[in-house]
Amino acid sequence: MKLDTRALRHLAAEDWRVLTAVELGSKNHEIVPTALIERIARLRGGASGVHKSISALAKVGLIARVKEAKYDGYRLTYGGLDYLALHTHSSKKVVYSVGSRIGVGKESDIMVVADHTGTQQVLKIHRLGRISFRTVKSNRDYLRNKSSGSWMYLSRLAAMKEYAFMQALREEGFPVPEPLGQSRHTIVMTLIDAHPLRQISEVPDPAALYSELISLILRLAEHGLIHGDFNEFNILIKENKTTNEAGEDTITLEPVVIDFPQMVSMEHVNAEMYFDRDVNCIKRFFQRRFHFTSTQPGPFFKDAKKRVGKGGKTRLDATVEASGFTKKMLKDLDAAIREKGETRTDQNSDDDDDEDEEDEEETEDDASEDEAGPVVIGGIETTDASEEVNDSMAELKV
C-alpha cells in the first residue's frame with residue numbers, strides 16, 4: 001500500500017484515541033469488538049462519540065470492518081499503523097512533514113520526510129507480508145494467535161531489530177546511516193547522498209573497493225555479527241571530494257551499509273551459510289560488473305570465527321539483545337526470514353539478470369524509470385535520493 005497522508009491534518013484528538021484503542025485491542029483480538037474499543041477509548045462523548053470516530057477512521061481506510069465476522073468489530077490496517085507511527089514521530093519532534101515516496105519494494109517503503117528545521121531525512125516503513133512473505137504458513141510460532149495481525153507484528157520486529165543494530169553499529173564507528181527514531185514498524189534515519197553499488201558501472205580501483213567491502217564483512221564478524229544480505233542492493237557508495245594545496249581534486253569512494261533486519265550473530269545455527277553467502281555475493285558481483293577476481297581465497301567462516309571479540313572488540317550481538325530486542329523476538333523474526341529465504345531460492349533463477357528483471361516486475365512503484373535507471377536504497381527500487389521533495393509537503397497534526 002502507498003502511504004497517503006492527506007487525512008492526517010483532519011483527524012481530531014478523539015479520532016487518535018479511538019485509533020489507538022483499536023491498536024491496543026489488536027494485541028489480543030484479530031477483530032477488536034466495538035464494545036472493547038469504547039471501553040479503551042473512554043471518550044467523553046461516550047458510545048456515540050466513539051462510533052463517530054470509527055466512521056471517520058473507516059472512511060479513510062485506517063481501520064476496517066470485517067465482513068461475515070461473528071461479532072461487530074474492526075481491525076487495524078497498515079494505513080492505521082502508518083498514521084500511529086507518524087503521530088508518534090511528530091510528537092517527539094523527529095518528523096514535521098512528509099514528502100514524496102522515493103522507493104518501494106517487497107518488504108518496505110521509503111519516504112522523504114523533514115524535521116522542524118527542514119532537514120531532509122528518510123522514513124523507512126517495514127511492510128513484511130507484501131510479497132515475499134506471503135507463503136509463510138499460519139501455523140508457525142511467530143504467527144500463532146496473531147492471524148492477520150501477524151504481518152504487522154513481524155514488521156514491528158523488523159523495525160526494532162534494524163534500529164537496534166543501526167544504533168550499535170553507529171556507536172562502533174561503522175559506516176551506516178544515523179538512526180533518529182523508531183516507532184512501531186517505522187524507522188527515521190539520516191538521508192545518505194549516495195548511489196547503490198548496483199548502479200555503479202565503473203570504479204577507479206575495483207581491487208581497493210573489493211578489499212574495503214571484504215574488510216567490512218570481517219570487521220562485522222569481529223563484533224559477532226553477519227549482515228545476512230550483504231550485496232549490491234544494500235551497499236551505497238558515497239563520493240568524497242577533497243582538494244589539495246595545488247587545487248587538484250581527489251575523489252574517494254566510501255561504502256555505506258544499509259538494511260539490517262536479516263543480520264544474525266556469529267553464533268547462529270546457520271552462521272556459516274550466511275557468512276559465505278555475503279562473501280560470495282560480493283565476489284560474484286565484482287566478477288560480473290568490474291571483471292575483477294581476487295587472487296586471495298576466502299575469507300572463510302572458520303577463520304573469521306576465531307577473530308570474534310579479539311582485541312577487546314564489543315560483541316554487538318550481545319549489545320542488541322541487551323537493548324530490549326529479546327531472544328523470543330529474534331526467534332520469531334528469524335523464522336520468517338528463513339522462510340523468506342527459502343521462498344526466494346525457489347522462485348529465483350541462478351541468472352542474475354533474470355533475477356533483476358523479476359525484482360523490477362514485482363516492485364509496486366508506479367513512477368516511470370529514467371534512462372539512468374533507479375537508485376536502490378535498502379534493497380528496493382527508488383528514484384535519486386537527492387531529488388527535491390514535493391513543495392506541497394503534508395504537515396502532521398499532533
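**Exercise 1. Work out which residues of helix α1 meet which residues of helix α4, and how the two helices pack.**

Start with the contacts, where contact means heavy atoms within 4.5 Å. From α1, Trp16, Leu19, Thr20 and Glu23 meet Gly80, Leu81, Tyr83, Leu84 and His87 of α4. Sorted by class, this contact of α1 with α4 has five nonpolar, three polar and one charged residues. The classes go like this: Ala, Val, Leu, Ile, Met, Phe, Trp, Tyr, Cys and Pro are nonpolar, Asp, Glu, Lys and Arg are charged, and the others, Gly among them, are polar.

Before going on, note what you're looking at: this is a predicted model, with local features needing pLDDT of at least 70 and side-chain atom pairs counting only at pLDDT 80 or more, while totals for chains, interfaces and linings use all residues. Residues are numbered from 1 along each chain as its sequence is written, and side-chain values use heavy atoms, leaving out hydrogens and water.

Next, the geometry. Two packed helices are described by the angle between their axes and the distance between the axes. Here α1 covers residues 13-25 and α4 residues 78-91; their axes come within 11 Å and cross at roughly 115 degrees. (Axes are lines fitted to C-alpha atoms, for helices over the stretch in contact, and angles run from 0 to 180 degrees between N-to-C directions.)

Last, the hand: α1 passes α4 in a left-handed crossing. That label applies if the near helix is turned anticlockwise from the far one by less than a right angle; clockwise would be right-handed.

**Exercise 2. Find the pairing partners of strand β6, and decide whether β6 is enclosed or open.**

First, the naming: helices (H or I, at least four residues) and strands (E, at least two) are DSSP runs numbered from the N terminus. Two strands pair if DSSP finds at least two bridges between them.

Now take one partner. Strand β5 (residues 108-114) pairs with β6 in the antiparallel sense over seven bridges. Ala114 has Gln120 in β6 as its bridge partner. The two strands make a hairpin with five residues between them, and Gly118 in the turn has a positive phi of about 90 degrees.

Then the other partner. Strand β8 (residues 186-190) also pairs with β6, antiparallel over five bridges, and Leu123 stands opposite Val188 in β8.

Gly181 is the residue whose bridge partner in β8 is Val188. β7 and β8 form a hairpin too, with two residues between them, and Arg184 in that turn has a positive phi of about 55 degrees.

Six of the seven residues of β6 are buried, so the strand is largely enclosed by the rest of the structure. Buried here means under 20% relative accessible area, exposed over 50%, and partly exposed in between (1.4 Å probe, protein chains only).

**Exercise 3. Is Lys124 buried or exposed, and what does its side chain pair with?**

Locate the residue: Lys124 sits in β6 (residues 120-126). Check accessibility: at 3% relative accessibility, Lys124 counts as buried. Look for a partner: the side chains of Lys124 and Asp259 are joined by a polar contact of 2.6 Å. (That term means a pair of N or O atoms within 3.5 Å; within protein, one must be able to donate a hydrogen and the other to accept it, and residues adjacent in sequence count only if both atoms are side-chain atoms.)

Then list the surroundings. Setting aside neighbours within four places in sequence, Lys124 touches residues including Ser108, Asp109, Glu162, His185 and Asp259.

**Exercise 4. Give the strand order of the open sheet that contains β11, and say which helix packs on this sheet.**

Three strands form the open sheet in the order β9-β11-β12, with antiparallel pairing. β9 (195-196) and β12 (249-257) are at the edges with a single partner strand each, so one side of each lacks a neighbour in the sheet. Two bridges join β9 to β11 (residues 235-243), and His195 stands opposite Ile237 in β11. On the sheet packs helix α6 (residues 206-222), touching β11 and β12; its direction makes about 30 degrees with that of β12.

**Exercise 5. Say how accessible Arg6 is, and find its side-chain contact.**

Arg6 lies in the segment before α1. With a relative accessible area of 63%, Arg6 is exposed. Its side chain makes a polar contact of 2.7 Å with the side chain of Asp4.
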